[in-house]
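Colleague: I have a model open on my screen and would like to learn how to read it. Could you walk me through some features?

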Amino acid sequence: MPRMSSSTVVSLVVVAIALVGTFLTPLIWPGDARPGPLDVVLPLAAAGGTLLRTRQPVAALVIVTASVVVYYPLAAFDGPLIILPFVVLFTAADRGHLVAAISTGAAALLAMGLGETGDVRHVDDSVFLLITGWVVAAIAFGGVTRNRRAYLHEAERRAADAEHGREEEARRRAGEERLRIARELHDVLGHNISLINVQASAALHGLKRRPEDAEAALRTIKETSRETLRELRTTLGVLRQVDEDAPVAPADSLARVDELVAATGLTVRTELTGPLDELPTEVDLAAARIIREALTNVSRHSGVSTATLAITNESGHIVIRVEDDGPGAAYTEGSGFGLQGMRERAAALGGTLEAGPRPEGGYRVVADLPLNGAPHPKEAR
């Protein structure tokens, strides 16, 4: 059995009170008056209109108001039908038909006032003012409830939008974090594993002819693999969000560029211009990671063991230049994530990164990282 809504229950209760009171009025009315057809038809019409108030609020408003306005001056008895117009006026205003409610209420009061200008008065001035006040209150209360419902709906919509926005922001941050972790794993582990591969190849080639070189290569492999394991544990610890002590080894930095270059196993001619300490942390780390990746690609793909590294700090920019004398195809092999990662690091700081073969031969990587997000002086011109 379907459950009735609260609005239907209210309608039934109000209609029952009005009809019972109206039909009992002749029993308690003094005098010899007898009920006429209007004493039955008009209350039933008003009751039927009231039951339609939620589905057809304007039609119910017209039917009920007209029935009640005609009932009181023409019917033989005065039952409590006056409560029904207040209900339909409230419903019409609550459902957004404010103009219809005001117009109908004003018309009913005007008709009532004109009817009371004759010789026979049905209500005195105080009762007329009381009815006027109830008409205004019913319309005003309906408008207030509608506005409150609209406010609550808007608040719920904004809360839902805010929740959706938080979910989108969480997904965006998760994506950025995955990208950052992938970049860190590629930069650190990719570099170290590539170095292990190069040293292992050197050890195999020199094992019989030059055992001392093979021993040095194996020692490098041992140290690099240990560093790789430490970096891997650090990264996994961050992923698990475990409260651990800070890594014992310092992060890559331009202030320790000699250590960074020595770890590549290449012979690198380094040129430094300008102060490289006290840089913004994010710029310092990005620059060191770009240098590590660029030198790793030289070791992995260029086929040469020498490279040139120039780092310049001028005009609020860190400019990094890595060059080699290989065949000029250092980045044509592999997945290409190294170049992509370097470009993303530079772009995240508002900088740029260019990579490609040199006209004179070999390969060049040039990164321009602003210290404060300002454009390069050349770009400004």
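Modeller: We'll go through a helix, an aromatic pair, a sheet and the cores, in that order.

Modeller: This is a predicted model, so to speak of a local feature we need pLDDT of at least 70, and side-chain atom pairs count only at pLDDT 80 or more, while totals for chains, interfaces and linings use all residues. Residues are numbered from 1 along each chain as its sequence is written, and side-chain values use heavy atoms, with hydrogens and water left out.

Colleague: How do I read a helix, say α4: what does it span from its first C-alpha to its last?

Modeller: Helices are DSSP runs of H or I with at least four residues, strands are runs of E with at least two, and both are numbered from the N terminus. The expected span of a helix is 1.5 Å times one less than its number of residues. Helix α4 covers residues 83–94, twelve residues, and reaches 17 Å, close to the 16 Å expected.

Colleague: And how many residues of α4 are buried?

Modeller: Buried means under 20% relative accessible area, exposed means over 50%, and partly exposed is in between, using a 1.4 Å probe and protein chains only. Ten of the twelve residues in α4 are buried, so the helix is largely enclosed by the rest of the structure. Among them are Leu84, Pro85, Phe86 and Asp94. Just after the helix, Gly96 takes a positive phi of about 95 degrees.

Colleague: Which residues is Asp94 in contact with?

Modeller: Contact means heavy atoms within 4.5 Å. Leaving aside neighbours within four places in sequence, Asp94 is in contact with Gly142, Thr145, Arg146 and Arg149. Its relative accessible area is 9%, so Asp94 counts as buried.

Colleague: What about aromatic pairs: how many does a search of the whole structure find?

Modeller: A pair of aromatic rings is described by the distance of the centres and the angle of the planes. Rings of Phe, Tyr and Trp (its six-membered ring) pair if their centres lie within 6.5 Å; planes under 30 degrees apart count as stacked, over 60 as edge-to-face and the rest as tilted. The search finds three pairs here. One of them is Phe90 with Phe141, stacked at 5.4 Å centre to centre with 25 degrees between the planes. This pair links distant parts of the chain, since Phe90 sits in α4 and Phe141 in α6 (residues 125–206), 51 residues apart. Phe90 is partly exposed at 23% relative accessible area, and Phe141 counts as exposed at 51%.

Colleague: On to the sheet: in what order do the strands lie?

Modeller: Strands of a sheet pair through backbone hydrogen bonds, either parallel or antiparallel. Two strands pair if DSSP finds at least two bridges between them. Here five strands form an open sheet in the order β1-β2-β3-β5-β4, with mixed pairing. The edge strands, each pairing on one side only, are β1 (267–273) and β4 (352–357). Both senses can be seen: β1 and β2 run parallel, joined by seven bridges, while β4 and β5 are antiparallel over six bridges.

Colleague: Which residues stand opposite each other in those pairings?

Modeller: Thr267 stands opposite Thr306 in β2, and Ala355 opposite Val365 in β5. Pro357 has Tyr363 of β5 as its bridge partner. The hairpin of β4 and β5 has five residues between the strands, and there Gly361 takes a positive phi near 110 degrees. Ser315 also has a positive phi, about 55 degrees, although it is not a glycine. Ser315 belongs to the loop between β2 and β3 and counts as exposed at 54% relative accessibility.

Colleague: Last one: which residues touch the most other members of the largest nonpolar core?

Modeller: A nonpolar core is a set of buried Ala, Val, Leu, Ile, Met, Phe, Trp, Tyr and Cys residues joined through side-chain atoms within 4.5 Å. The largest here has 32 residues, of which Leu309, Ile318, Ile320 and Leu369 touch the most other members. Helix α9 gives the largest share of this core, nine residues. Apart from it lies another core, of 24 residues, among them Ala75, Val87, Leu109 and Val135.
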